[in-house]
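Work through the exercises below with the sequence and the coordinates at hand, trying each task before reading its solution.

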Amino acid sequence: MYICDMYAPYESLDESAKVWIYPSSRKFYKEELETLENKIKNFVNEWKSEDKDFQASYQFLYNRFIIILAEDECGELTNKHIDELVGFILKLQTEYEVELLDRMNVCFKQGEFVQYKEVKEFKKLLKNKSVSAKTVVFDNLIQTKEELENFWEVPITESWYNRFL
């Protein structure tokens, strides 16, 4: 069996690379960052290591978003590989006492800060005009590197959240 390092620099991955975004319910603390990044890089480096045509990378942005990217020239990721990723995220969730898998939350910029709110609370903020149509939201449902680079941080009016306006 061929085993190799799977980590590849973000820049080297194709625009069609698959993306998973895990927003944290809180910003990670300064003292957690180095260990957390090492854990993410180690996971990415060992993930699907039996496939020499597989490459993966990650981004850790705003000290809040864990972004995993994968490119597989010879085939698709199987349910087993997705389960490994989700299992890893669940471990991080428990270890750091954060929510990473809840898709019923909205992440948006408020000044220089990234906010994380339940959809219900976000709707109230819109109604009260605490956030506007120009507020930048993070579309954590995007699926490719190209979408990450072009459509992840957009005003509400340009996102699927615009239905709440």
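**Exercise 1.** Determine how α1 and α2 are oriented relative to each other, and which residues meet where they pack.

*Solution.* Start with the axes, which are lines fitted to C-alpha atoms, for helices over the stretch in contact, with angles running from 0 to 180 degrees between N-to-C directions. The axes of α1 and α2 come within 11 Å and cross at roughly 165°. Angles under 35 degrees count as roughly parallel, over 145 as roughly antiparallel, 65 to 115 as roughly perpendicular and the rest as oblique, and α1 and α2 are therefore roughly antiparallel to each other. The helices and strands named here are DSSP runs (H or I of at least four residues for helices, E of at least two for strands), numbered from the N terminus. Next, list the contacts, meaning heavy atoms within 4.5 Å: E32, T35, L36, K39, I40 and F43 of α1 meet E84, L85, F88, L92, E95 and Y96 of α2. Sorted by class, this contact has 7 nonpolar, 1 polar and 4 charged residues, where Ala, Val, Leu, Ile, Met, Phe, Trp, Tyr, Cys and Pro count as nonpolar, Asp, Glu, Lys and Arg as charged, and the others, Gly among them, as polar.

The model is a predicted one, in which local features need pLDDT of at least 70 and side-chain atom pairs count only at pLDDT 80 or more, while totals for chains, interfaces and linings use all residues. Residues are numbered from 1 along each chain as its sequence is written, and side-chain values use heavy atoms, with hydrogens and water left out.

**Exercise 2.** Which residues touch the most other members of the largest nonpolar core, and which elements give two or more residues to this core?

*Solution.* A nonpolar core is a set of buried Ala, Val, Leu, Ile, Met, Phe, Trp, Tyr and Cys residues joined through side-chain atoms within 4.5 Å; buried means under 20% relative accessible area, exposed over 50% and partly exposed in between, with a 1.4 Å probe and protein chains only. The largest core has 24 residues, of which F28, I40, W47, I66, I68 and L92 touch the most other members. The elements giving two or more residues to this core are β1 (18-23), α1 (30-46), β2 (54-61), β3 (65-72) and α2 (79-96). A second, separate core of 16 residues includes L13, A17, L69 and W152. Returning to W47, and leaving aside neighbours within four places in sequence, its contacts include M6, W20, F54, I68 and L85.

**Exercise 3.** Is Y22 buried or exposed, and which residues is Y22 in contact with beyond four places in sequence?

*Solution.* Y22 belongs to strand β1 and has a relative accessible area of 2%, so Y22 is buried. Beyond four places in sequence, Y22 is in contact with R64, F65, I66, I68, L85, I89, L100, L101 and R103. Y22 and L141 are 119 residues apart in sequence, yet their C-alpha atoms are 9.6 Å apart in space.
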